[in-house]
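Please keep the sequence and the model in view while reading.

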Amino acid sequence: MITITDLRKVYRQGSREVVALDGVSLSVAKGHIHGIIGHSGAGKSTLVRCLTLLDRPTSGSVSVDGRELAGVSDRELLSARRKIGMVFQHANLFDSRTTAENVAYPLELLGTKRSKIKDKVSNLLDLVGLTQFANAYPSQLSGGQKQRVGIARALATDPDVLLCDEPTSALDPKTTDEILELIKDVRDRLEITVLIITHEMGVVKKACNSVSLLEAGKIVEHGPISEVVADIDGRLSHALLPLPGEMPQDLPPGTIMDLLYSGADAVHPVISTLARQFDIDVNVLAGSVEDLGGAQFAHLRIHLPVGVDIDAVTAHLTASGIAVSVKEA
Ligand SMILES: Nc1ncnc2c1ncn2[C@@H]1O[C@H](COP(=O)(O)OP(=O)(O)OP(=O)(O)O)[C@@H](O)[C@H]1O
Ligand SMILES: [Mg+2]
């Protein structure tokens, strides 16, 4: 488990101060995969540098399984870093080392015995499905295979947390899915905590149990996937379950409403019930239905004609467990 408490990082540029992290707090349980999503400049790389102790936070704490990392002395740095295994966007392998030698590298740094390194590397290559490529050099591997080597190397020191910085941004969609499946498989087998820093919502949808939205150094929304999706006015909800298409221009007068509902509700005939109950025509403008965070969610945009009692419709829908957002009077 990793706990980040009120983490701040202020850079000085001459007389100017840049607040890159502005009080970030976050806790991810053992065996969970947490996504941190944010636009350029949000502070993602700064957070990675503070977690891997490449950069010292200005204040705040980072603890892994109860051990404080942020304030360790330089002497303890190497052993503290072992707690967090790092996977990079471009696997960052040594070109002159084979697959097995790349995975062995962190163990060599720790002075591990040769026989122990051999066994460990062999187990890790088995875990990531690269046993036949043990003696290949990075130039002989595909992007996905290189990333597998990167994951095996990150796991070599038995970390408690796997920190992945844009692990699939350089990969095609099929390879992205394979790497995300591997990360989930590793999590299941090793019961490790995983943090994935990304700008791709698809990664969050496919791999994460929970997500945080980082903006200007602050976490502005966070929670389990099924909870953040259910917040109809939330930014993460809009990004996770977007409505396809533009708002139509030439609609007759009336009211536009967005509806969001989940679980068993998603298979209920919400629209036909509404039409019958209020004896009105309901025009569906856009919609999407997806499995997210283990539940099915539906997001619909509907148009109701002039004269409909919007308050009564809203009350009826809300009473049925449907979130409503009235867009346009
Ligand atoms: N060494 C530094 N000195 C001064 N300012 C910095 C330094 N590193 C980052 N910053 C500033 O901190 C803020 C956050 O930067 P950071 O690199 O963490 O963003 P990011 O979310 O990783 O963006 P991107 O998606 O573009 O990589 C930015 O305003 C950036 O200019
Ligand atoms: Mg960055």
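**Arg301 and the overall picture**

Arg301 is buried, its relative accessible area being 15%; buried stands for under 20% relative accessible area, exposed for over 50%, and partly exposed for values in between (1.4 Å probe, protein chains only). The model is predicted, so local features need pLDDT of at least 70 and side-chain atom pairs count only at pLDDT 80 or more, while totals for chains, interfaces and linings use all residues. Residues are numbered from 1 along each chain as its sequence is written, chains are lettered from A and ligands numbered from 1 in the order in which they are written, and side-chain values use heavy atoms, with hydrogens and water left out.

**Overall architecture**

- The protein has 329 residues, of which 47% count as buried.
- Its secondary structure consists of eleven helices and 14 strands; helices (H or I, at least four residues) and strands (E, at least two) are DSSP runs, numbered from the N terminus.
- Taken along the principal axes, the box filled by the C-alpha atoms is roughly 80 × 50 × 35 Å.
- An unreviewed UniProt entry lists residues 2–241 as "domain: ABC transporter"; UniProt positions are given in the numbering used here, feature names are shortened, and annotations may be inferred rather than shown by experiment.

**The surroundings of ligand 1**

- Ligand 1 is surrounded by 13 residues, and the closest are Ser40, Gly41, Lys44, Ser45 and Thr46; a residue is near a molecule if one of its heavy atoms lies within 4 Å of it.
- By type, this shell holds four nonpolar, seven polar and two charged residues. In this division Ala, Val, Leu, Ile, Met, Phe, Trp, Tyr, Cys and Pro count as nonpolar, Asp, Glu, Lys and Arg as charged, and the others, Gly among them, as polar.
- At least two residues of the shell come from each of β1 (2–13), β2 (16–28) and α1 (44–51). The largest share, four residues, is supplied by α1.
- An oxygen atom of ligand 1 lies 2.5 Å from a polar side-chain atom of Ser40, and a polar backbone atom of Gly43 is 2.9 Å from an oxygen atom of ligand 1.
- A nitrogen atom of ligand 1 lies 3.4 Å from a polar side-chain atom of Arg49.
- Ligand 1 taken alone exposes 640 Å², and the protein buries 61% of that; accessible areas come from the Shrake-Rupley method with a 1.4 Å probe, and for residues only the protein chains shown count as cover.

**Polar contacts between side chains**

- Arg301 belongs to strand β13 (residues 295–305), and its side chain makes a polar contact of 2.7 Å with the side chain of Asp258. A polar contact is a pair of N or O atoms within 3.5 Å; within protein, one must be able to donate a hydrogen and the other to accept it, and residues adjacent in sequence count only if both atoms are side-chain atoms.
- Asp55 sits in the loop between α1 and β4 (59–64) and counts as buried at 17% relative accessibility.
- The side chains of Asp55 and Tyr11 are joined by a polar contact of 2.9 Å.

**Helix α11 and its ends**

- Ile310, Val313, His316 and Leu317 are buried in helix α11 (residues 310–319).
- Seen down the axis of α11, these buried residues fall within an arc of 125 degrees, so they line one face of the helix; the arc is that of the directions from the helix axis to the C-beta atoms.
- Asp311 and Ala319 are exposed on the other side of α11.
- The N-terminal end of α11 is capped by Asp309, a side-chain oxygen of which lies 3.2 Å from the backbone nitrogen of Asp311.

- Most residues other than glycine have a negative phi.
- Asn92, which is not a glycine, has a positive phi of about 55 degrees. Asn92 lies in the loop between β6 (84–87) and α3 (99–109) and is partly exposed, with a relative accessible area of 45%.
- Ala216 also has a positive phi, near 45 degrees. Ala216 is found in the loop between β9 (210–215) and β10 (218–224) and counts as exposed at 60% relative accessibility.
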